[in-house]
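Please read this short report with the sequence and the 3D view side by side, and look up each residue as it is named.

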Amino acid sequence: MKNSGYYTGSMFVRELERLKEEYIQLDLDDMKVMMKEDILLLEKAMNMLCKNKVY
């Protein structure tokens, strides 16, 4: 992994695109459950991105 910031960032963008496609196909109740789970995953991802920052 030569540039960890880019690598992690591009994975993050791909994951957001995947989630957007999944949300389009869900009913409202399923979407609420998935959004709660995804918020937790996004918080973890943001923490990882912050820890990998070069100062």
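L42 is a residue of helix α2, and in this predicted model its relative accessibility is 29%. Because a residue is called buried only under 20% and exposed over 50%, L42 counts as partly exposed. When its neighbours within four places in sequence are left aside, L42 is in contact with F12 and L16. Another residue to look up from here is E15, which is 27 residues apart from L42 along the chain, while the C-alpha atoms of the two are separated by 9.6 Å.

D38 also has its place in helix α2, which covers residues 28-51. Is D38 buried or exposed? D38 is buried, and yet it has no salt bridge. The nearest side chain of opposite charge belongs to R18, at 5.4 Å from D38, whereas a salt bridge requires the charged atoms to lie within 4 Å. If residues up to four places away in sequence are not counted, D38 touches L19 and Y23.

| Residue | Contacts |
|---|---|
| L42 | F12 and L16 |
| D38 | L19 and Y23 |

Turning to the chain as a whole, there are 2 helices and 0 strands. Of its 55 residues, 9% count as buried, and D38 is one of the buried residues. The chain exposes about 5,000 Å², and 63% of this area is supplied by carbon and sulfur atoms.

Methods. Residues are numbered from 1 along each chain as its sequence is written. This is a predicted model: local features need pLDDT of at least 70, side-chain atom pairs count only at pLDDT 80 or more; totals for chains, interfaces and linings use all residues. Side-chain values use heavy atoms; hydrogens and water are left out. Helices (H or I, at least four residues) and strands (E, at least two) are DSSP runs, numbered from the N terminus. Buried means under 20% relative accessible area, exposed over 50%, partly exposed in between (1.4 Å probe, protein chains only). Lys and Arg count as positive and Asp and Glu as negative; His and the chain ends are not counted. Contact means heavy atoms within 4.5 Å. Accessible areas come from the Shrake-Rupley method with a 1.4 Å probe; for residues, only the protein chains shown count as cover.
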